[in-house]
Amino acid sequence: VYVVEQYNEAYMIGDSINKEWLADIVSTFFDRPKQEKNHAIETHFIYFTDFGTWWIENKAKTWRTSKNQYLNSRIVQQYESFIKISRAFETNKKTRLKIKELGELAISDLAEFMEKQKFSASTIKRHIGRAKFFIHRASELGVTIDRSSAAHKTFIGKDDFDTVVPYLDE
């Protein structure tokens, strides 16, 4: 009732009624503190592909691979390629992968998708390693993850061809 009354009032005086207006009205109704009204979780801390893109843009340049070396451009390209594959997977599934829901089962689904796309077993293993790399980076930044994503084995292959993919902790 409160929101409808506020809508009618705003409509009569010609206010712009949009997403921000609604968020402000709901926040006022529940009497949330002012500093909370502008506080929202950024999508790169929710969605896997958004996180991967954000990490590549903001953190990759400062990620050390050894004492005096940073992530080189070729590796960054490989991570970007993996993010494109993950986006294609999301499009195929008609859903967005959430970091906290990206567990062993979702990683297996991603591997199956790559198999259907005719990726070789060794390429799929590398991409699974990249998925786990991003999940681990998200965990380091305090993002809630599905602990099953750190499972040490993922099976890839046809009926009689299984390859065990160990997960090496960075």
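This is a predicted model: local features need pLDDT of at least 70, side-chain atom pairs count only at pLDDT 80 or more; totals for chains, interfaces and linings use all residues.
The overview is brief. The chain has 170 residues, and 33% of them count as buried. There are seven helices and four strands. Read from the N terminus, the order is α-α-α-α-β-β-α-α-α-β-β. Among contacts in the chain with a separation of 6 or more, 60% come from residues 24 or more positions apart.

Helix α1 covers residues 2-13, and its axis comes within 10 Å of the axis of α2, with a crossing angle of roughly 135 degrees. By the convention I opened with, α1 and α2 are therefore oblique to each other. Their crossing is right-handed. On the α1 side, the contact uses Tyr2, Val3, Gln6, Tyr7 and Ala10. On the α2 side, the residues are Trp21, Leu22, Ile25, Val26, Thr28 and Phe29. By class, that contact has nine nonpolar residues, two polar and no charged.

Staying with α2, which residues of this helix are buried? In α2, which spans residues 19-29, they are Trp21, Ile25 and Ser27. Looking down the helix axis, these buried residues lie within an arc of 165 degrees, so they line one face of α2. On the face of α2 turned away from the buried side sit Lys19 and Glu20, both exposed.

Next, α4 and α5. Helix α4 is residues 48-58, and it packs against α5 with the axes 9 Å apart and an angle of about 160 degrees. The two helices are therefore roughly antiparallel. This crossing is left-handed. From α4, the contact residues are Phe48, Thr49, Asp50, Gly52, Thr53 and Ile56. From α5, they are Val76, Tyr79, Glu80, Phe82, Ile83, Ser86, Arg87 and Glu90. The contact divides into six nonpolar, four polar and four charged residues.

Helix α5, residues 73-93, has another partner in α7, residues 121-140. What is the angle between the axes of α5 and α7? They cross at roughly 95 degrees, and the axes come within 10 Å. That angle makes α5 roughly perpendicular to α7. The α5 side of the contact is Gln78, Tyr79, Phe82, Ile83 and Ile85. Facing them from α7 are His127, Arg130, Ala131, Phe133 and Phe134. By class, these are seven nonpolar, two polar and one charged. Note that Tyr79, Phe82 and Ile83 of α5 are listed both in this contact and in the one with α4.

To recap the pairs: α1 with α2 is oblique, α4 with α5 is roughly antiparallel, and α5 with α7 is roughly perpendicular.

Notes. Residues are numbered from 1 along each chain as its sequence is written. Side-chain values use heavy atoms; hydrogens and water are left out. Axes are lines fitted to C-alpha atoms, for helices over the stretch in contact, and angles run from 0 to 180 degrees between N-to-C directions. Angles under 35 degrees count as roughly parallel, over 145 as roughly antiparallel, 65 to 115 as roughly perpendicular and the rest as oblique. Contact means heavy atoms within 4.5 Å. Ala, Val, Leu, Ile, Met, Phe, Trp, Tyr, Cys and Pro count as nonpolar, Asp, Glu, Lys and Arg as charged, and the others, Gly among them, as polar. A crossing is left-handed if the near helix is turned anticlockwise from the far one by less than a right angle, and right-handed if clockwise. Buried means under 20% relative accessible area, exposed over 50%, partly exposed in between (1.4 Å probe, protein chains only). The arc is that of the directions from the helix axis to the C-beta atoms.
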